[in-house]
Amino acid sequence: MWTHHQPVRICSGPLQQTLQPALQMLLSAEQIKAQAAVLLVTTAGFTKRGITAQLAAWLFPLPLLIIDEVTANPDIDSIDSWINQYATQPVAAVIGLGGGSAMDAAKAVALMLTLAETTPAPLDQLFRGKNILQPSSRLPLLLIPTTAGTGSEVTPFATIWDDKQKQKFSLSGTAVYPDVALLDASLTLSLPADETLFSGLDALSHSLESLWNKHRTPISEAYAQQAIALLARHFPTALISPSDLAARQAMQTASLLAGLAISTTRTAIAHAISYPLTSHYTVPHGLACSFTLPALLEMVQASAELKHLQPTLGQASDLLRKLPLYQALLAKVDFTQIYSRTDEMFHPDRAANFILPFAAPDLIALLQRSEVLLKTAPVPPELIALIA
């Protein structure tokens, strides 16, 4: 038995053409006539590059309120401060523009603003204090991805970090799905090589984690297979030729498809291992959840469980051998540090999603095999040079 649910309306095309129609889907005629305020959640970079000003012009006469302070891995206290800032203002809809961090922050803001007038610092009370329940509704929400990796524009999850306690939390459920996702691949053209690598690895990890997953369905498999096929063909091109719009569009589509897949299955072993590396050593999420993929692929390829997916798994394995994971990882953390965090890497709920038996004592062997495979991968010198 399986079910499938995906409520997000997906629009692809130049942002200038899709933004106004998308807002008309979210707001009533009365709100538009009354010039209801729209809240943008983004990063300072988009304001500096003039994208924020462009959005304001395209949304006119609707007023645009702006939060442009999002940084990597949004923290509870930062997001709560933004929620408190706009708690008493009549925000009609929220737009998230950016990578996974900006989109997840926008999800949190849209969700928690429904509580903010009566509940100061709602994320703190939800996650640290456990004093309230996650709300079951939110403000209308539109997401615009500017990286090709997280797929957050179509998922029912938002990752929230606690810098004080070095923990990762998640908002999840139907209310966390956005209403609309707008895809404009031209927004990804300015991504530097390292961010292209990390975000692409995130999409690849989502694809694979959804395939070696007990909750996979025929639909999630189809999404993941197509995502891997696109990544295998276009990922190296996007790294070497960053201005290649066709490659960027393919990467964005792959990220979307991987997000659709992981929305059904959730993540598994590789993601559980990644969390302490990001919280303690700021290893980018896509890299942290991908360095064990080659070793995990060995395990599942030797199993009969995914025999029907061998061509796809082979594509993924070949791609990983071409990417500079080892060089990128060592720039952030060494394996001695990785081994020291094994007590934080095993999550029974994520292990339960994996198709093969996996217990806490198996972690060391997996990490050791990962180190060997990364060291010996025949990565082309031109790709190593992009990370060096």
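The structure is a predicted model, in which local features need pLDDT of at least 70, side-chain atom pairs count only at pLDDT 80 or more, and totals for chains, interfaces and linings use all residues. Residues are numbered from 1 along each chain as its sequence is written, and side-chain values use heavy atoms, with hydrogens and water left out.

Helices (H or I, at least four residues) and strands (E, at least two) are DSSP runs, numbered from the N terminus. Helix 8 (residues 193-211) packs with helix 14 (residues 310-322) at an angle of about 150°, and their axes are 12 Å apart. Axes here are lines fitted to C-alpha atoms, for helices over the stretch in contact, and angles run from 0 to 180 degrees between N-to-C directions. Helix 8 is therefore roughly antiparallel to helix 14, a term for angles over 145 degrees. On the side of helix 8, L201, L204, L208 and L211 meet T312, L313, A316, L319 and L320 of helix 14, where contact means heavy atoms within 4.5 Å.

Strand 6 (residues 157-162) is largely enclosed by the rest of the structure, because five of its six residues are buried (under 20% relative accessible area, with a 1.4 Å probe and protein chains only). Strand 6 pairs with strand 7 (residues 167-172) in the antiparallel sense over six bridges; pairing requires at least two bridges found by DSSP. Within strand 7, K168 is the bridge partner of W161. Four residues lie between the strands of this hairpin, and K166 takes a positive phi near 55°.

A229 lies in helix 9 (residues 218-240). A229 counts as partly exposed because its relative accessibility is 29%, partly exposed being the range between under 20% (buried) and over 50% (exposed).

Conventions
Angles under 35 degrees count as roughly parallel, over 145 as roughly antiparallel, 65 to 115 as roughly perpendicular and the rest as oblique.
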